[in-house]
Amino acid sequence: MKDILQQKATRIQLLITDCDGVLTDGGVYYGANGEENKKFNMRDGMGVERLRKLAGIETAIITGEKSPSVVARAEKLNITELHLFAKNKPEVLRDIMTRLELKAEEVAYIGDDYNDAEVLKMVGLSAAPADALPGIRNMVDYVCHANGGDACFREFAELIIEAQTGANQGVPVKNGAVTLSNGRKIGAGEPCYIIAEIGINHNGSLEIAKQLIDEAVAAKADAVKFQKRTPEICVPKDQWEIMRDTPWGRMSYIDYKRKTEFGIAEYAAIDQYCKKLGIDWFVSPWDVNSVDFMEQLDTVIYKLASASLTDTALIEKILQTGRPLMLSTGMSTMNEIDTAMAFIHQYDPNYPVMVAHSTSAYPCKPEELNLRMIQTLEQKFPGIPVGYSGHETGLATTVGAVAMGATFVERHFTLDRAMWGSDHAASVEPQGLQRLVRDIRDVETAAGDGIKKVYESELAPMKRLRVNISAEYNEKFNA
């Protein structure tokens with residue numbers, strides 16, 4: 001039976017789905033104006049994307065529904081074959097197959113109700129959710145383990161993908177480097193990519209931000225990084241009106257967070273300034289709206305903060321941009337790291353991703369840095385660039401991280417650790433950043449190529465100190 005199912009799946013060129021009871025849980029939700037909405041599962045949307053990217057198969061929707069949320073969902077997923085308020089599904093199916101010149105055996109359909117029965121009989125491969133009506137479950141080729149609205153479509157899509165590509169669902173072995181839009185590479189065999197994280201240490205001042213960029217350039221760092229938040233989303237509502245003493249006087253916490261956020265004018269100025277000085281810049285977005293905001297500009301990477309590692313909605317939003325993604329793994333279990341990496345791989349096995357080991361304590365004690373995790377992550381995710389995001393005081397351990405294999409490093413950076421603000425105390429000052437870059441480059445130079453050789457500088461000490469000189473050098477000395 002499994003072989004027959006696989007044979008049928010290899011022929012599929014179009015997957016058609018019902019909406020209510022398959023892509024949604026069958027519940028009815030209403031918007032503010034009384035319009036009927038639907039609750040979709042994000043994993044099903046990923047199934048649509050993976051079908052398209054991995055197997056070249058498009059998705060169509062035939063539904064008796066006429067909800068604006070169905071239209072919006074189809075638009076977001078670039079589903080052009082959307083047939084709403086369908087009273088005669090077999091007729092719609094015949095029209096699709098005629099227009100697209102498809103044979104019945106090249107079409108798959110997943111449905112859950114008796115109004116899907118005739119269509120299910122017409123296609124080459126049929127499926128139903130686990131909670132479909134009994135008569136429907138009994139007639140289909142495949143019954144999903146998942147219920148409607150709970151990623152049953154994704155399950156069926158993966159079955160087709162696996163049949164057509166033999167795709168390994170584990171994280172793939174990659175070539176060891178990620179190439180940025182400006183041509184720079186991060187990864188094995190490349191110089192360590194050194195990031196000076198300005199974060200929120202600009203304290204809301206564009207002038208301070210530019211001074212920090214100047215110092216990063218002087219230190220020969222490769223990039224500066226900021227943080228971008230939508231305060232109304234990122235600050236819990238119950239903290240909005242808590243009063244704080246700030247450099248601008250006493251104000252509510254939400255007003256303080258608004259005060260320290262840069263808008264489009266500031267980031268446009270930063271973009272121009274960094275390009276003029278020849279240094280990369282990017283941000284850690286903390287919410288979906290911030291990704292939309294940053295897409296107005298052209299940064300080379302997105303960084304996912306440790307706090308966001310389990311925020312799948314934010315990760316998916318970043319993945320949709322196609323820009324390289326750098327994950328930080330502080331305050332995370334290995335299971336959470338595995339889940340995030342699998343989520344990215346399921347979106348696109350070849351997505352340009354990097355992983356940074358980190359411990360989210362500010363400042364972090366040396367005994368909690370656990371630098372051997374760099375090697376653990378290298379073994380866990382072969383070919384994926386692994387780096388280090390440090391929050392310790394001092395520089396030696398960050399240099400040590402590079403010696404242990406980190407292909408990129410990030411340290412918080414400030415003009416003065418005594419400045420007002422939460423991150424300054426665990427940051428590196430300009431002179432420290434200069435020493436850090438210098439020492440990392442020295443370590444890279446000292447690492448060599450691993451091939452034993454006798455250098456010209458050793459010949460004189462050899463002649464003077466060695467008791468027995470081998471023939472090849474004896475001849476050289478006596479020449």
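Lysine 220 sits in the loop between α8 (206–218) and β12 (223–228); helices (H or I, at least four residues) and strands (E, at least two) are DSSP runs, numbered from the N terminus. The phi angle of lysine 220 is near 70°, a positive value in a residue other than glycine. Lysine 220 is exposed, with a relative accessible area of 65% (buried is under 20%, exposed over 50%, partly exposed in between, with a 1.4 Å probe and protein chains only).

The model is predicted, so local features need pLDDT of at least 70 and side-chain atom pairs count only at pLDDT 80 or more, while totals for chains, interfaces and linings use all residues. Residues are numbered from 1 along each chain as its sequence is written, and side-chain values use heavy atoms, with hydrogens and water left out.

Glutamate 101, in the loop between α4 (89–100) and β6 (107–110), also has a positive phi, near 55°. Glutamate 101 is exposed, at a relative accessible area of 70%.

A further backbone feature is the cis peptide bond from tyrosine 362 to proline 363, whose omega is near -10°. Proline 363 belongs to the loop between β18 (353–358) and α15 (373–380).

The helices α16 (396–403) and α17 (430–447) each supply at least two residues of the lining of the second largest pocket. The largest share, 3 residues, comes from α17.
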